[in-house]
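Subject: the model you asked about

Hi,

Here is the structure for you to open in your viewer. My notes on what turned up follow below it.

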Amino acid sequence: MADLLRLLLRVAEKAANVARVCRQEAPLFQLLVQEKTGDDKNKKFVQDFKTLADVVIQEMIRHDVGVKFPEMADFINGEESNKFENGLGESVTVTVCATEEDTAALLASVLGGDHTAASLLARAIHQDPASIQADTDGLTVPLSPSELGIWIDPIDATSQYIEGREEVLEEGRLFPSGLHCALVLIGVYLRSTGEPVMGVINQPFNYKDPAGGGWKGKHFWGVSCGSINVCSETRPKAGPAGGLSAVLSSSEKPVVKEALTSLCGPDKLMFASGAGYKILCVIQGLADVYVLSEGTTFKWDSCAPHALLRALGGGVVDLHKCLQSSSGAEAELTYHQPRTECKGADRWANHGGLVAYRDCSQISRIIAPLKGKL
Ligand code: 2IP
Ligand code: CA
């Protein structure tokens, strides 16, 4: 299944391109930043353009993977539903058509007849991406498509994507917010056990070409299956003994912030936007752990970066399960079973919160100060 990895790297790059085009092209950007409320809301369409951009990216990935691996077509899921409804009760299913023209016509029907925006978007969807440099030669992945399912987050950290603050990233430093937090996440899991086995992360806004060539992206990937553990990132060297660093959401509960400030010290407790970006910080060694006490992330947020962490010897566990059992055994997140008692997106929430780590000995250190507080 090294073929699948190469395909996912390609479609993630295409997705990143669509994300960049939506910010670069004025007719699309205007739609993206328009907060339509009250009287200004376009009554013809219930969803906003941000949702449409997400759906378009998700459907493009679903289309490209489904064409090459038809056995997977019914097991490719994402954050968004591709059914759009207008105020007249008509429903339009957004899909990628066989030709750019047909896709443009379909998109125009959900964009209130805005043919300029529809054509720009369709062009980006049907464009071939630049070739991807990824050292996957010689990689063999002993899995077959009929065993696998996929979770897609077309753009994680959408609020940062729309706000669009530009940062110049420096090697080895975590930047709490900005365009670089927006990520395309594609995770592959085993249908039988729910283990994440392959992940591709594309960061569409990694750096801005100083020669005026616009934003350039960066990709990360990992495969973890049996004895095969390969990752585009190398396992970062252990930090100075004793020091533990953690990254949290800025909206994390005060009790968690306090407990982890005592454990890590104020300098080693960091905050950042985007669930995917925070796990990427752990992958890159910019933080040792990401702790989240609430069920506000979903399978599509964690599947891809979880696979990379596993390839590096780490993982992502359910925080509340860890607080209940001393060993943390059986607490690793899985991706195949919904919570049947819940409705809608909540069926796929990581409801017990999570701890993402590279080194499992760090879990018990994180859990100890949180016991009895949540
Ligand atoms: C969101 C987004 C948020 C994050 C939340 C994710 O995904 O990444 O930034 O909250 O967990 O589910 P926070 O930044 O506080 O961690 P999306 O942007 O796709 O809705
Ligand atoms: Ca998300």
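Which element gives the most to the shell around ligand 1? That would be E4, with three residues. (Helices, H or I with at least four residues, and strands, E with at least two, are DSSP runs numbered from the N terminus.)

Before the rest, some housekeeping. This is a predicted model, where local features need pLDDT of at least 70 and side-chain atom pairs count only at pLDDT 80 or more, while totals for chains, interfaces and linings use all residues. Residues are numbered from 1 along each chain as its sequence is written, chains are lettered from A and ligands numbered from 1 in the order in which they are written, and side-chain values use heavy atoms, with hydrogens and water left out.

**Ligand 1**

Back to that shell: 15 residues surround ligand 1, and the closest are Asp156, Thr158, Ser249, Gly274 and Lys278. A residue is counted as near if one of its heavy atoms lies within 4 Å. Both E4 and helix H8 (275-283) supply at least two residues each. By type, the shell divides into three nonpolar, seven polar and five charged residues; here Ala, Val, Leu, Ile, Met, Phe, Trp, Tyr, Cys and Pro count as nonpolar, Asp, Glu, Lys and Arg as charged, and the others, Gly among them, as polar.

Some polar contacts to look at (pairs of N or O atoms within 3.5 Å):

- a backbone N or O atom of alanine 157, 3.0 Å from an oxygen atom of ligand 1
- a side-chain N or O atom of aspartate 301, 3.1 Å from an oxygen atom of the ligand 1 molecule
- a polar backbone atom of alanine 275, 3.2 Å from an oxygen atom of ligand 1

Taken alone, ligand 1 exposes 440 Å², and the protein buries 76% of that (Shrake-Rupley areas with a 1.4 Å probe; for residues, only the protein chains shown count as cover).

Most residues other than glycine have a negative phi. Alanine 157 is also buried, with a relative accessible area of 10%. Buried means under 20% relative accessible area, exposed over 50%, and partly exposed in between, with a 1.4 Å probe and protein chains only.

**The calcium ion**

Ligand 2 is a calcium ion, and its protein donors are Asp153 (OD), Asp156 (OD) and Asp301 (OD), 2.2 to 2.4 Å away. Donors are N, O and S atoms within 2.8 Å of the metal (3.2 Å for Na, K and Ca), and since water is not among the atoms, sites may look incomplete. Along the chain the donors follow the spacing D-x2-D-x144-D. Aspartate 153 lies in strand E4 (residues 148-156) and aspartate 301 in helix H9 (residues 299-311), so the pair ties together parts 148 residues apart in sequence. Aspartate 153 is buried at 1% relative accessible area, and aspartate 301 is buried at 7%.

Helix H9 also holds proline 305, which is buried at 0%.

Cheers

Terms used:
Polar contact = N/O pair within 3.5 Å; in protein donor to acceptor, adjacent residues only side chain to side chain.
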